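Let's take a walk through this protein and look at who touches whom. Have the sequence and the 3D view ready.

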Amino acid sequence: MTVLLVSHTEDNESVELVAAAIAARGGRAVRVDTDRFPTELQLSIAPGDPLAPGLLRAPEMEVNLADVSAVWY
(Lines give C-alpha, C1' and ligand atoms only; values in the text may rest on other atoms or scores of the structure.)
Protein backbone atom coordinates (compact mmCIF):
# COMPACT_ATOMS: atom_id res chain seq x y z
CA MET A 1 0.00 0.00 0.00
CA THR A 2 1.40 3.38 -1.04
CA VAL A 3 -0.27 6.52 0.26
CA LEU A 4 0.50 10.03 -0.98
CA LEU A 5 0.43 12.57 1.85
CA VAL A 6 -0.33 15.93 0.24
CA SER A 7 1.11 18.61 2.46
CA HIS A 8 3.29 21.72 2.68
CA THR A 9 6.79 22.08 4.11
CA GLU A 10 5.42 24.28 6.88
CA ASP A 11 2.59 21.88 7.79
CA ASN A 12 2.09 20.69 11.36
CA GLU A 13 3.08 17.37 12.95
CA SER A 14 -0.06 15.58 11.76
CA VAL A 15 1.69 14.59 8.53
CA GLU A 16 4.40 12.68 10.41
CA LEU A 17 1.81 11.05 12.67
CA VAL A 18 -0.15 9.81 9.66
CA ALA A 19 3.08 8.58 8.00
CA ALA A 20 3.98 6.64 11.16
CA ALA A 21 0.51 5.05 11.30
CA ILE A 22 0.79 3.96 7.67
CA ALA A 23 4.28 2.53 8.24
CA ALA A 24 3.03 0.64 11.32
CA ARG A 25 0.51 -1.07 9.04
CA GLY A 26 3.21 -2.07 6.58
CA GLY A 27 2.48 0.67 4.05
CA ARG A 28 4.60 3.27 2.36
CA ALA A 29 3.82 6.92 3.02
CA VAL A 30 5.11 9.42 0.47
CA ARG A 31 5.01 13.06 1.51
CA VAL A 32 4.21 15.46 -1.32
CA ASP A 33 4.85 19.07 -0.29
CA THR A 34 2.98 21.20 -2.79
CA ASP A 35 5.29 24.19 -2.34
CA ARG A 36 8.14 22.08 -3.80
CA PHE A 37 6.30 21.72 -7.13
CA PRO A 38 7.55 22.16 -9.88
CA THR A 39 11.10 23.07 -8.84
CA GLU A 40 12.06 20.10 -6.61
CA LEU A 41 9.07 17.88 -7.28
CA GLN A 42 8.07 16.89 -10.80
CA LEU A 43 5.09 15.02 -12.16
CA SER A 44 5.14 13.31 -15.53
CA ILE A 45 2.03 11.72 -16.97
CA ALA A 46 1.04 9.91 -20.14
CA PRO A 47 -2.51 11.07 -20.93
CA GLY A 48 -4.73 8.32 -22.23
CA ASP A 49 -2.42 5.49 -21.21
CA PRO A 50 -4.05 3.55 -18.34
CA LEU A 51 -1.01 1.28 -18.04
CA ALA A 52 1.36 4.18 -17.36
CA PRO A 53 -0.51 6.79 -15.31
CA GLY A 54 2.62 8.72 -14.40
CA LEU A 55 5.62 9.26 -12.18
CA LEU A 56 6.15 11.59 -9.28
CA ARG A 57 9.82 12.45 -8.78
CA ALA A 58 11.87 14.32 -6.21
CA PRO A 59 15.58 14.02 -5.38
CA GLU A 60 14.83 11.60 -2.54
CA MET A 61 12.16 9.44 -4.17
CA GLU A 62 10.30 8.25 -7.23
CA VAL A 63 6.71 6.99 -7.14
CA ASN A 64 4.87 5.22 -9.92
CA LEU A 65 1.31 6.53 -9.63
CA ALA A 66 -0.01 3.09 -10.55
CA ASP A 67 1.23 1.94 -7.13
CA VAL A 68 -0.71 4.59 -5.19
CA SER A 69 -3.73 3.17 -3.38
CA ALA A 70 -4.78 6.30 -1.44
CA VAL A 71 -4.21 10.02 -1.05
CA TRP A 72 -4.35 11.85 2.28
CA TYR A 73 -4.84 15.61 2.15
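## Starting at S7

In which strand is S7 found? Keep in mind that we're looking at a predicted model. S7 sits in strand 1, which covers residues 2-7.

Is S7 buried or exposed? Its relative accessibility is 6%, and buried means under 20%, so S7 counts as buried. Setting aside neighbours within four places in sequence, S7 is in contact with V15, R31, V32, D33 and T34. With R31 there's also a polar contact between the two side chains, at 3.4 Å.

## R31 and its partners

R31 has a salt bridge too: its side chain meets that of E16, at 3.1 Å from N to O. E16 belongs to helix 1 (residues 14-24) and R31 to strand 2 (residues 28-33), so this pair ties together parts that lie 15 residues apart in sequence. D33 joins in as well, as E16, R31 and D33 are linked in a network of salt bridges.

How open are these two? E16 is partly exposed, at 47% relative accessible area, and R31 also counts as partly exposed, at 23%.

## Other salt bridges

How many salt bridges turn up in a search of the whole structure? The search finds five. One of them pairs R36 with E40, with the closest N and O atoms 3.2 Å apart. Here R36 is buried, with a relative accessible area of 12%, while E40 is partly exposed at 42%.

Another salt bridge joins E62 and R57, where the closest N and O atoms are 3.0 Å apart. E62 counts as partly exposed at 45% relative accessibility, and R57 is partly exposed at 37%.

Key: Residues numbered from 1 in each chain as written. Predicted model: local features only at pLDDT ≥ 70, side-chain atom pairs only at ≥ 80, totals over all residues. Heavy atoms only, no water. Helix = DSSP H or I, 4+ residues; strand = E, 2+ residues; numbered from the N terminus. Buried < 20%, exposed > 50% of the residue type's maximum accessible area, 1.4 Å probe, protein only. Polar contact = N/O pair within 3.5 Å; in protein donor to acceptor, adjacent residues only side chain to side chain. Contact = heavy atoms within 4.5 Å. Salt bridge = Lys/Arg side-chain N within 4 Å of Asp/Glu carboxyl O.
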